[in-house]
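Dear colleague,

Please find below the structure that I am handing over to you, followed by an account of what was found in it.

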Amino acid sequence: MSQNLLSLTFSDAALAEIDAALNTLEAHFTGFASLSPDQRRNILKMGDKTEAFCRQTMLLAGQNAQAIPPNLNMAEAQADMTSLDQLRPRLHRLRDLQARGDDTDMALGSDIYSFCLDAYASLKIAGKGAALETLRQAMAVRFNRGAKSKVESAAG
């Protein structure tokens with residue numbers, strides 16, 4: 001018997017609400033950064049230890065504003081820290097939703113794949129082999145390494 005890790009259905013109304021919520025998120029995320037791979041690789045990164053240093057430094061800088069040169073924008077740094085603190089719990093929730101979505105995608109795909117393997121085997125046993133020949137040829141590359149090598153040899 002095929003596995004059934006998950007049974008899930010969406011009403012049209014639920015899909016419309018999900019799409020509306022995603023549209024709202026996308027609208028509010030328009031100002032978010034989109035860094036290139038080069039930028040990601042080269043910018044300064046604030047890890048846990050660095051964050052502690054930054055928070056302590058900003059606290060001391062705020063208490064000693066006269067020692068901070070005017071070309072260092074303390075207000076902007078404080079606004080960035082506030083935005084970071086506001087954003088992080090929401091990103092955590094989004095990551096949790098993404099992980100559940102990925103797991104659901106995987107479970108549904110696995111259920112479908114399991115069914116198809118069982119159905120294919122049943123059709124072969126039932127003598128429907130001729131009808132499956134086209135499918136078998138199409139899937140030979142997926143399931144038969146020898147067939148893949150023959151296909152690649154013939155193409156080369």
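**Helix α3**

At 1.5 Å a residue, the 16 residues of helix α3 (residues 48-63) should span 22 Å, and the end C-alpha atoms of the helix are 23 Å apart, which agrees. Here helices are DSSP runs of H or I of at least four residues, numbered from the N terminus, and the expected span is 1.5 Å times one less than the number of residues. This is a predicted model, in which local features need pLDDT of at least 70 and side-chain atom pairs count only at pLDDT 80 or more, while totals for chains, interfaces and linings use all residues. Residues are numbered from 1 along each chain as its sequence is written, and side-chain values use heavy atoms, with hydrogens and water left out.

The buried residues of α3 are E51, M58 and A61 (buried means under 20% relative accessible area, exposed over 50% and partly exposed in between, with a 1.4 Å probe and protein chains only). Seen down the axis of α3, these buried residues fall within an arc of 95 degrees, so they line one face of the helix; the arc is that of the directions from the helix axis to the C-beta atoms. They pack against α4 (74-125), whereas K49, F53 and Q63, on the other side of α3, are exposed.

**Largest pocket**

The largest pocket holds about 600 Å³ of space. A pocket is an open set of points on a 1 Å grid over the protein atoms alone, where a 1.4 Å probe fits, with protein on both sides within 12 Å along at least five of seven lines; lining residues have an atom within 4 Å of a point. Grid points are joined across faces, edges and corners, and the volume is the space filled by probe spheres set on the points. Of the 17 lining residues, M46, D80, L84, L87 and R88 lie nearest the centre of the pocket. Helices α3 and α4 each supply at least two residues of the lining, and the largest share, 9 residues, comes from α4.

**Residue S114**

S114 also belongs to helix α4 and, at 16% relative accessibility, counts as buried. Leaving aside neighbours within four places in sequence, S114 is in contact (heavy atoms within 4.5 Å) with S2 and Q3.

**Aromatic pair**

A search of the whole structure finds 1 aromatic pair. The rings of F29 and F32 have their centres 4.1 Å apart and their planes at 15 degrees, so the pair is stacked. Rings of Phe, Tyr and Trp (its six-membered ring) pair if their centres lie within 6.5 Å; planes under 30 degrees apart count as stacked, over 60 as edge-to-face and the rest as tilted. F29 is partly exposed, at 29% relative accessible area, and F32 is partly exposed at 38%.

With kind regards
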